[in-house]
Amino acid sequence: MHPAYSVIFFTTASGAGYGLLLLFAAFGLAGAVPIDPWFGAVGFALGTALVTGGLLSSTFHLGHPERAWRAYTQWRSSWLSREGVLATATYAPLVLAAWGWIVEGSLSGPFSVFAAALAVLCLGTVYATGMIYATLRTIHAWHNRMTVPGYLCFALLTGSLWFHAIAHMFGHQTPGMALVVVLALFVTFYVKRKYWISIDSTPGPATRESATGLGDFGPVRLLDPPTMTRNFVQREMGYAVARKHAQKLRRISFVAYFLVPILLTGLTSESEAWIAIPGTLIAALSGTLGAVVERWLFFAEAKHAAMLYYGAETA
Amino acid sequence: MTSLPPPAAKKLGLVIDLDTCVGCHACAVNCKEWNTGGHSAPLPDKDPYGADPNGVWFNRIHTFEAGTGTWSRTVHFPRSCLHCETPACVTVCPTGASYKRADDGIVLVNEDACIGCKLCSWACPYGAREYDDDAGVMKKCTLCIDRIYNENLAEEDRVPACVATCPASARHFGDLGDPDSDVSRLVAERGGKELMPELEYQPVNRYLPPRPAKSAPGCTGAEARLEPVVGPGADGAGRFLRWVDRVLSR
C-alpha cells in the first residue's frame, strides 16, 4: 500500500497526542501527579497540538477537504466516520478537563467526570483508527488481530514517553511513570513482534487462481497487464519500494522505538534534572521516530488483493 | 446511506464468457467513450499520446495463462465492478457517497458527497474503483445506469456499453437474482465462477470458464483424417495431373 505522508504523520502524531492526554487524565484522576497549572498547560497544549495537527494533516490527502464534515454522517457503518466523530467529541472533555487542571487547579467533582471521559474517548479514537485498517479484508497484513493492539500500544508508548519527559521538566516524575513507560515498551515490542511474525508466516486468503476462477486449469500467471503504464490501482495498492528493505527498516524501527527509549529511561530517569530532562526528551523523540518508521512499514509492507490481477504472487 | 439495503430480489450484473473473449479491448474502449459523457463524466484521460498515458477506466482487460504445458490456456480477462451483494467499498464510506441501490443492487458513487478519501478503493479486492484526481472524487462502473433504463434509446441498446459493443458476444447482461433469466441459465449451464469467494463480498457478476480444449482427432465432428485431394485412388485425377502435382510439390 502506498504510504501517504499525511496519513503516516496523522496516525503517529494523533496517536502520541491521545496517549499523552490519556496519561494526563489517568494520572491526574489517580492523584499520582500534582495538579500543577504549568505542568498541565504544557501537557494539554502539546497533546492538543499533536491531535489537532494530525487531524488537519489527515484532510490533506482528501480530494475535497471542504466536504470533510460529511464524514460525521455514516458512523453506523464506517470506522473512518466513527473515528471522525470520536476525535471531534474528544475536544469537549479535553477543554473541560484542561480548564479544571489549569484554571481551577483541581480534577475533583465534575472535572473528574470530564477527565474520565477524556481518557475513554482518547482510547476510543485510537481504537477506531486501528479498526479502519483491521476491518479491511482486502489487505491481509492489516486484517490481523495485532493491528488494533499495535495502534493502541504505539499511542500509549509515545504518549507515555512524552508524559515522562514533561514530568521531568517540572520535577513531577515518579517511579510509577517510568514503570508505565517500561511496561508500554515491552507490551508494544510483544505486539509488534507477533504482528511481524504473523504477516511473515501466514498466506493471504486469495490467490491468482481464486481471483480469476481459472484454478481448474492449473497455476495462473499474468501474460499481459491491461496497460503499459501504471494505473491508479497499481500506484495506490502496488507500492513495493520498502518491501525490499523491510528487514533493515524493522531493525531501525526497533532500535528507535524500543532500544534507545529503554536504555535512556533506565539510565537517566533516576538521575539529576540536567541529565534526566534531555535523556527522557531524547527517549520521547526517538520513540516517536520509531513509531513513524513502524507506521511507514505498516503501509509499505501491506499487500492488496487487487494486485493479484496485476501479477502479484501473493496478496 | 452507506449501510447496505436489505437484499433485493433483482441483482443486475454481467456474465463474462472467458471462452469466447478475444481480448480486443473493445468493451473497455466503448465503456470509456460512453462513460466520459455519461453518469460519471468526464473520465480523465491524461497524456493520451505521450509517454505516460493514464486516466480512469471502468473496464480493464488482463491476459492470463492458466495451466502449464500443452494444456495451458491463454485467457483474456475483462475486469470491472462486480456489484457485490456485500460490498465493503460501500460500508467503509464515511460520507454516504458510496451506495448500493435497493432496487437492482447497482453500486454507485454520489460524486457530490464524495470527499476523495480513497478508502473505498482500498476496500475493493477487485481493483474496480479508480480515483479521478481532476475532480477529486472516486469513480467506478455504473453498469451503464444511464443506458439500461434510458427510454430514449432503442430497446436493444438498453444494455451496458461493454455488452453492446462486444464483437464476440462474450458479455451478457441481465438479472442474476432471477434463476430463470438467460444469464442465470448460462451461469448454471457453464459453471459460472464467482471471483475470490473466500473474501465473502458475494459478487454478482460471474465468469464462465473456458470450455475444455478440443484437440483429439475427430473431436470437432469432422473426419479424423482427410483424404488427399490428389493422389493414388483419388477420383478424377489422371496420370497427367498426378505428374503436375509431383512436379509442383518438389
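Guide: Two strands pair if DSSP finds at least two bridges between them. The model discussed here is predicted.

Visitor: What makes β1(A) and β4 of chain B a pair of strands?

Guide: Between β1(A) and β4 (residues 60-66) of chain B there are 4 bridges. The definition asks for at least two bridges, and β1(A) and β4(B) have 4, so they count as paired. The two strands run antiparallel.

Visitor: Which residues stand opposite each other in β4(B)?

Guide: B:Phe64 in β4(B) has A:Leu222 opposite, and B:Glu65 in β4(B) has A:Arg221 opposite.

Visitor: In what order do the strands of this sheet lie?

Guide: The open sheet has 3 strands, in the order β1(A)-β4(B)-β5(B), with antiparallel pairing. Strands of a sheet pair through backbone hydrogen bonds, either parallel or antiparallel.

Visitor: How many residues does each chain bring to the contact?

Guide: Chain A brings 45 residues and chain B brings 52 residues. On the side of chain A that touches chain B, at least two residues each come from α3 (79-104), α7 (208-212), β1 and α8 (232-237). β1(A) gives the most to that side, with 5 residues. The residues of that side of chain A divide into 22 nonpolar, 15 polar and 8 charged.

Visitor: Why does A:Ile252 count as partly exposed?

Guide: A:Ile252 has 16 C-beta neighbours inside 10 Å. A buried residue needs 20 or more and an exposed one has 12 or fewer; the value of 16 lies in between, so A:Ile252 is partly exposed. This residue lies in helix α9 (residues 246-268) of chain A. A:Ile252 and A:Gly290 are 38 residues apart in sequence, with 7.4 Å from C-alpha to C-alpha.

Visitor: Which residues have the most contacts inside the largest nonpolar core?

Guide: They are A:Leu21, A:Ala97, A:Leu118, A:Ala306 and B:Ala123, in a core of 166 residues. Helix α5 (residues 147-169) of chain A gives the most to this core, with 14 residues. Leaving aside residues up to four places away in sequence, A:Leu118 touches A:Leu21, A:Ala25, A:Thr90, A:Pro93, A:Leu94 and A:Ala97. In soluble globular proteins, nonpolar side chains tend to be buried together.

Conventions:
Residues numbered from 1 in each chain as written. Chains lettered and ligands numbered in written order. Predicted model: local features only at pLDDT ≥ 70, side-chain atom pairs only at ≥ 80, totals over all residues. Contact = placed C-beta atoms within 7 Å. Nonpolar A, V, L, I, M, F, W, Y, C, P; charged D, E, K, R; others polar. Core = buried A, V, L, I, M, F, W, Y, C linked by C-beta atoms within 7 Å.
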